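Please look through the sequence and the model shown below before reading on. The briefing that follows goes from the overall fold to the core and then to charged contacts.

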Amino acid sequence: MFLLKLMTTKPKVKLGAMALALAFTAGLTACAPEVGSDAWCKQMKEKPSGDWTANEAADYAKHCVFK
């Protein structure tokens with residue numbers, strides 16, 4: 001509802017809202033390192049193995065153990 005109201009208001013407000021939404025989305029995607037990178041391997045090594053998903057375990061073996 002809030003976004004619908006913004007879409008019908010002034011163009012500067014609409015542009016600002018879109019920029020804010022884009023920055024928020026970019027911020028969320030920048031938090032996790034790329035799978036297989038050294039930072040990701042280090043992060044997975046520190047994470048308890050009981051909390052790993054099957055995909056994470058397979059990726060860890062493929063990218064960090066059997067390089």
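The chain has four helices and zero strands, where helices (H or I, at least four residues) and strands (E, at least two) are DSSP runs numbered from the N terminus; read from that end, the elements run α-α-α-α. This is a predicted model, in which local features need pLDDT of at least 70 and side-chain atom pairs count only at pLDDT 80 or more, while totals for chains, interfaces and linings use all residues. Residues are numbered from 1 along each chain as its sequence is written, and side-chain values use heavy atoms, with hydrogens and water left out.

**Surface and burial**
- Of the 67 residues in the chain, 10% are buried (under 20% relative accessible area, with exposed meaning over 50% and partly exposed in between, for a 1.4 Å probe and protein chains only).
- The chain exposes about 5700 Å², and carbon and sulfur atoms supply 67% of that area, by the Shrake-Rupley method with a 1.4 Å probe, where for residues only the protein chains shown count as cover.

**Nonpolar core**
- The largest nonpolar core consists of five residues, Trp40, Cys41, Met44, Trp52 and Tyr60 (a set of buried Ala, Val, Leu, Ile, Met, Phe, Trp, Tyr and Cys residues joined through side-chain atoms within 4.5 Å).
- Helix 3 (residues 38-46) gives the largest share of this core, three residues.
- Leaving aside residues up to four places away in sequence, Trp52 touches Met44, Lys47, Ala57 and Tyr60, a contact being heavy atoms within 4.5 Å.

**Salt bridge**
- The whole structure holds one salt bridge (a side-chain nitrogen of Lys or Arg within 4 Å of a carboxyl oxygen of Asp or Glu).
- A salt bridge joins the side chains of Lys47 and Glu56, at 3.1 Å from N to O, and Lys47 is partly exposed, with a relative accessible area of 28%.
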